[in-house]
Amino acid sequence: MRYLLILLALSATCMAGEPITDVSKADEPAATDGKPAAKFTTDAKWETAGYNNDEIVYTILVTSHDPRIIRCTTALQGSYYENGQKQTVSDRQLSTVFPDQQVQVGNWMGMDQQSGATYSVHCHAI
Amino acid sequence: MFVIVYVTLTCVGGPAARAADLGELGRKIFFDPSLSASGQMACSTCHDPRYAYGPPPGKGIALGGPHLDRGGTRAVPSLRYLNNAPPFSEKTRFADGDVGPGGGFTWDGRAGTLQEQARIPLLAANEMANRSAGDVVRKLEKSHYAADFQQAFGADIFKHPDRAFDAALAALAAFQHNPKEFYPFNSKYDAFLRGEIELTEQEERGVALFKDPAKGNCASCHVVLSKRGQPPLFTDFDFLNVGVPRNPKIAANADPKYYDLGLCGPARRDLAASREYCGFFRAPTLRNVARRDVFFHNGVFSSLRDVLNFYNDRDLHPEEFYSRNSDGTVRKFDDLPPGSADNVDRDAPLDRVPGGTAALTAADIDDLLAFLQTLNDGYVAEPQSTADAAQHSDEYAWKVLVAVNQPDAGWETWASANDIFRPDGADPGPWKSAARPVVVPIDSSRFEAFSARELPNLHRVANGKMVPVSDPLASATRLTEIHMNQAGYDYIRARALYNVQGQLHAVSSGDAVSFPAATKEVKAKWRVISEAERGRYYTMTVKLADGAQRLYGLTALHLVTKDLPTWFWATFEHVDNPRLPGNDGWQAPSRDTFACGSAEPACNRAPSGIGLEGTVWENYRLRGTLTAFVDPTGRPNVLANSELEAGMQPTSSCITCHSRAGIGAVAGQPVRLPIFANETPKSGFMGEPRAQWFTNIQSLDFVWSMAKAR
């Protein structure tokens, strides 16, 4: 499952539900600090890593299309099962992305793939 | 080799006891911790059958006494291959014509017989710590086998403590004459001597170095000659002083005036005046030496490589082995009293001078270590039979399991997939025999690991929160690993399949990738287990990055052999798996016609008669074997392991999944087929391979581990 968003905006929001669907929305291209909005794209995927626990890993990537260094905040929300009960879990990551580079802003394992995940990425130039 | 069978022993009085019965009684005594003052120390505590009746890992110099707090002064020796030890004599004539002290039991030969030897630990204050023979007998009288004892030696035997104590020692000695337990002569080297197998080139080089008087010169004491039809014992029971460094971990060595000088005391007293014998200890057999983690009489070294380095560099780099004087100078031979270094052995390789050349290179030492591995008991040749794989699949699976799990020479000594497919894609180099480590470092070179490059910001759910994973292996509740034997390893090297470029070249060459029939590969899964579960599992002790140790038990094992063109597939699981948290249970019954018979192939038991009785392998089950994609009616064959195919058992087929192992090039970029179908939940592939899979992909002969190549 892959998502690809071309964004000309400050933030990107993606959500995956059951069944996993590509529901994404780009904010308006506006920057609050007067600087031009950061240009970047995001990509997310579920992967069976096949390591020690056959871990399923959810990965979010950010690719900068900006000539400036950008700083990104990635928020993630997903679900996991504990004692048969579905629970929600969230996380937040800060990442620095250099011009025209792609980085994995986070890798999360232990989440339930069927329940999907939601993430948002906010980037600004520094 | 000799075997005592039904010999009558009357030396201890009472009714004649058959040796076989006496041996069984001796076995009970041997394993009985109630015979110690602490109630926790049996003979077997230190002389553990799992380690060739030598010490378990980390217990080489044991704590004993009533409260298990009194330190030993010597390394625990193995009790194997003592059956033909001659009595001690100062006039022993050795094979090279020398005459000198030789024979006897214990490091200083002070016990003349196995009975005398057995007396020592029972009464030693820092071992089993009984106050007297009568003390031991009172415990024997309360033991669960007291009636057996009376049956063997008479109803009134306990009324005669001295006779009863001697009887117990005789029983212990009889037990130690059990050939299966104490002198099995079933190492790989024994199989080689019998002409059943060949040694590897490295092992052959190791033998030559072992014998070469100018190189290892090991055979001058650890003799390799067969005597009177008996395979070599790798000792001539000679005594010598090699100047072993002092071991500061021995509590008694805290006293600078204390020296353990072997033949001339203090444990042995009759030769105290023979100063020429000071520092002399008996050369032990080297059979099973590679299974020890404590070496020489004082246990100063903890690895066999360190021992060989000591022999090689003692005189070239003494600073690496010995302590220093207060002025900073090296105190060579620091476990001998000052001025008594004249007794130290100076035969090669202990004949070097500083600045000279070592007798052995690093490669020589690797070769010697490889040879010494062949002296471990319990070798079983790897089976290789197309007919058995095809026609007696379940029986063949068990036989392969036994062969590849033999102590210290099994699949854990094979090359791991991460060793073969290096991150830089380089040639992994010639095959190296490796010992099964006593403690396994948690290392991504062995276990499947998250790559720092691939997963830089790894988080996992813990207690409802996402937490960073700084050490993915340490945080894994299960560990997975893949190993391949030498036949497969050598093929990968010969065709340069260890990197992507080599694989692309191979599949485009017109010479199909086809592994040799002797190839075997294993995929294993371990889970963290408690100490209480140790006895039920094949175990591995792992050392974490912070130095802590963790016990793992083997939960699952895939065995794959190239006996058939489409390989032979078998999978085993621990019988406890369905009860584990996170395990989906066995969603299809096991099928094992060898253990269960054809009428009830899901009987859920291990087979008898192949040596599994009394071992942890009784707790493992063959879940099934595969030799074809479909059954005779065309239905896909399914075989799953609940640990290794978690979440996809109903759609799992080893043979079909692995048929997809391949590589191709699209637009100049290497491509492979995905391991799993792109579905949720995860699913596998079953049935005959489909031609469309291979539009752009060429087969890599079912070996998925090749996808690790860079």
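What pattern does chain A follow when read along the sequence? The model under discussion is predicted.

1. Chain A. Read along the sequence, chain A follows the pattern β-β-β-β-β-β-β-β-β. Its secondary structure accordingly comes to 9 strands and 0 helices. Of the 126 residues in chain A, buried residues make up 41%. Among the contacts in chain A with a separation of 6 or more, 64% are between residues 24 or more positions apart.

2. Strand pairing within chain A. Strand 5 and strand 8 of chain A run antiparallel and are joined by 7 bridges. One pairing to inspect is that of Y58(A), whose bridge partner in strand 8 of chain A is W108(A).

3. Strand pairing between the chains. Strand 8 of chain A (residues 102-109) is also joined to strand 11 of chain B, by 3 bridges, and these two strands run parallel. W108(A) takes part here as well, with H459(B) in strand 11 of chain B as its bridge partner. M109(A) stands opposite R460(B) in strand 11 of chain B.

4. The contact between the chains. The contact involves 22 residues of chain A and 25 residues of chain B. On the side of chain B, the elements that give two or more residues are strand 11 (458-462), strand 12 (465-468) and strand 13 (478-484). Strand 11 of chain B supplies the largest share, 4 residues. By class, this side of chain B divides into 14 nonpolar, 6 polar and 5 charged residues.

5. A loop residue of chain A. R68(A) is placed in the loop between strand 5 (56-64) and strand 6 (70-82) of chain A. Is R68(A) buried, exposed or partly exposed? R68(A) has 16 other C-beta atoms within 10 Å and is therefore partly exposed, since a buried residue would need 20 or more and an exposed one 12 or fewer. Leaving aside residues up to four places away in sequence, R68(A) touches P99(A) and A125(A). The C-alpha atoms of R68(A) and Q87(A), which are 19 residues apart along the chain, are separated by 39 Å.

6. Domains of chain B. The domain assignment gives domain 1 (8-89 + 100-182), domain 2 (90-99 + 185-379) and domain 3 (386-579 + 588-623) of chain B. The centres of domain 1 and domain 2 of chain B, taken over C-alpha atoms, are 27 Å apart. Their contact takes 28 residues from domain 1 of chain B and 38 residues from domain 2 of chain B. Strand 6 (residues 99-102) of chain B gives 3 residues to the side of domain 1 that touches domain 2, the largest share. That side of domain 1 of chain B has 12 nonpolar, 12 polar and 4 charged residues.

7. Nonpolar cores. The largest nonpolar core has 96 residues, of which A168(B), A171(B), L172(B), L304(B), L368(B) and L372(B) touch the most other members. Helix 6 (residues 161-175) of chain B contributes 11 residues, the largest share of this core. At least three residues of this core come from each of domain 1 and domain 2 of chain B. L372(B) touches L286(B), V289(B), A290(B) and L304(B), not counting residues up to four places away in sequence. Another core, of 74 residues, lies apart from the largest one, and its members include I420(B), V522(B), W526(B) and I529(B).

8. A sheet of chain B. In chain B, 3 strands form an open sheet in the order 20-19-21, with antiparallel pairing. Why is one side of strand 20 and of strand 21 of chain B left without a neighbour in the sheet? Strand 20 (669-671) and strand 21 (698-699) of chain B stand at the edges and each has a single partner strand, so one side of each has no neighbour in the sheet. Strand 19 (residues 662-666) and strand 20 of chain B run antiparallel and are joined by 3 bridges. A665(B) stands opposite P670(B) in strand 20 of chain B. Helix 17 (residues 500-508) of chain B lies across strand 19, strand 20 and strand 21 of chain B, and runs at about 90 degrees to strand 19 of chain B.

Definitions and conventions
Residues are numbered from 1 along each chain as its sequence is written. Chains are lettered from A and ligands numbered from 1 in the order in which they are written. This is a predicted model: local features need pLDDT of at least 70, side-chain atom pairs count only at pLDDT 80 or more; totals for chains, interfaces and linings use all residues. Domain bounds come from an automatic or database domain assignment. Two residues are in contact if their C-beta atoms, placed from the backbone, lie within 7 Å. Ala, Val, Leu, Ile, Met, Phe, Trp, Tyr, Cys and Pro count as nonpolar, Asp, Glu, Lys and Arg as charged, and the others, Gly among them, as polar. Two strands pair if DSSP finds at least two bridges between them. Axes are lines fitted to C-alpha atoms, for helices over the stretch in contact, and angles run from 0 to 180 degrees between N-to-C directions. A nonpolar core is a set of buried Ala, Val, Leu, Ile, Met, Phe, Trp, Tyr and Cys residues joined through C-beta atoms within 7 Å.
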